[in-house]
Amino acid sequence: MAKYHITAEINGDEVEYLCEPEQTLLDVLRDELNFTGTKEGCGSGDCGACTVMMNGRHVCSCLVMGAEASGAKIETIEGMADGDNLHTLQEKFIEHAALQCGICTPGILVASKALLERNPDPTETEVRYWLAGNLCRCTGYDKIIRAVMDAASEMRGN
Amino acid sequence: MRYEAPESLEAAVALLNEESGTARVLAGGTDLIVQMRAQMIEPDLVVDIKNIDELRTISQENGGWRVGAAVTGAEMNEHAAFKAAWPGVCEGTDLIGSTQIQSRATIGGNLCNASPAADSVPAMIAAGVILTIVGPGGSRELPVEELCVSPGKTTLAKGEIVVSFAFPARGAVASDAYLRLTPRTEMDIAVVGVGVSLELDGDGTCTSARVGLGAVAVKALLVEEAANALIGTKVDDAAVAALAAATSAAAKPIDDKRGTKEYRIKIAGVLAKRAAGIALERARQN
């Protein structure tokens, strides 16, 4: 079977790639395009480590076929900082020590950014429910939640 | 394996019908891709239906609503007017997986995956949803409770696709609710799920009701005896107690790690009672 020739926009750049029908978007990002910031955890949509934005929504890239991304607008963790300037969420994760091993962090940052774009002033409960699909086995979540709440506050201009 | 993403229903039906091997419909992929990766299924052809416009829309129709099969849970919950009309159905879809899963998982996929514990299905049974199914022989309609047969099995014939879900028009004093029991508050599979939809007249007498019951049989059930316990009453304590008893009586669960048979039977009645209370309160506020 021939490979699929796909054109998509990734972090603002037009990208072309060839993929097998069995490859997921996660496989394509990591193995074909070297966007290794997106992590593979469970590979079954339970852990959220592979979260990326696809056409304005946060999705598990392990549950998207690579061929499905034709014409899609994809945003990964690599596109979050503006050059050397970290996104406020990234700065707050460092400030609050909201990570230990770091495997869950890219997915949590992408999912948190998606939340704050929809709801700039979430309650702690709303943050916890929104991030229920992002598992972290290190931090116990508390520092993550504090970092997201603090980033939201700063982004609102407080 | 081949991947195809046709832009018309006719093309999708033809692809599925002409495939000599195993063909699967891809909507949100949150069940299909998991099953493919686990090698539970190895399709020769995957037909992505998300590029077909009529499967992607929510619209008003004959005083009710029509929702395309490839509409996602997130899209349903963000549609304020639909959510106001059918809060119980949106409650069901809102419970499916994480927010990431809701970005992708579709109402058609939740039904056609044919899990007895699918959270949107009891609420849609309660709502009285009628499916439009298109296949090589043309179009047909089917009550939603008649699609699934047993875990993973549906009554769809080769080449058939569930296209849309029609939610009927109803009176001003009407609403619905869905409740499920899970060991965790989020990201879990229903041990029992109950949807109740009801309509009242000007005196507060229940003129119609439907009850859908999930996760306690080989498929989600329509429980007519439970609904009959409410119809003609003021939805008072005696009626609600009869509703609970009839719902428990209809439950035919298995024992598994998520709940015992005895517990599920009891909880089916408890959830029916609570869901009826919420639907009643919502109806009175409409």
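Author: Two residues are in contact if their C-beta atoms, placed from the backbone, lie within 7 Å. By that test N134(A) touches G48(A), T51(A), C104(A), G107(A), I108(A) and A111(A), with residues up to four places away in sequence left out. The model is a predicted one, in which local features need pLDDT of at least 70 and side-chain atom pairs count only at pLDDT 80 or more, while totals for chains, interfaces and linings use all residues. Residues are numbered from 1 along each chain as its sequence is written, and chains are lettered from A and ligands numbered from 1 in the order in which they are written.

Reader: Where does N134(A) lie, and why does it count as buried?

Author: N134(A) is in the loop between α4 (124–130) and α5 (142–155) of chain A. Helices (H or I, at least four residues) and strands (E, at least two) are DSSP runs, numbered from the N terminus. A residue is buried if 20 or more other C-beta atoms lie within 10 Å of its own, exposed if 12 or fewer, and partly exposed in between. N134(A) has 26 C-beta neighbours inside 10 Å and therefore counts as buried. Its C-alpha atom is separated by 7.1 Å from that of G107(A), 27 residues apart along the chain.

Reader: What makes chain A as compact as a globular protein of its length?

Author: Chain A has five helices and five strands, and from the N terminus on its elements run β-β-α-β-β-β-α-α-α-α. The radius of gyration of chain A is 16 Å, close to the 15 Å that the globule rule gives for 158 residues, so chain A is as compact as a globular protein of that length. The radius is taken over C-alpha atoms, and the rule is 2.2 Å times the number of residues to the power 0.38. Along the principal axes, the C-alpha atoms of chain A fill a box of roughly 55 × 30 × 25 Å. Buried residues make up 42% of the 158 residues in chain A. Of the contacts in chain A with a separation of 6 or more, 58% are between residues 24 or more positions apart.

Reader: What makes both faces of strand β3 (residues 45–48) of chain B covered, and which strands pair with β3(B)?

Author: L45(B) and V47(B) on one side and V46(B) and D48(B) on the other are all buried. Two strands pair if DSSP finds at least two bridges between them. Strand β1 (residues 2–4) of chain B is joined to β3(B) by three bridges, and the two run parallel. E4(B) stands opposite V47(B) in β3(B). Strand β2 (residues 23–26) of chain B pairs with β3(B) in the parallel sense over four bridges.

Reader: Why is one side of β11 and of β14 in chain B left without a neighbour in the sheet?

Author: Four strands form an open sheet in the order β11-β12-β13-β14 (chain B), with antiparallel pairing. β11 (174–181) and β14 (221–222) of chain B stand at the edges, each with a single partner strand, so one side of each has no neighbour in the sheet. Within this sheet, eight bridges join strand β12 (residues 192–200) to strand β13 (residues 206–214) of chain B, and S197(B) stands opposite R210(B) in β13(B).
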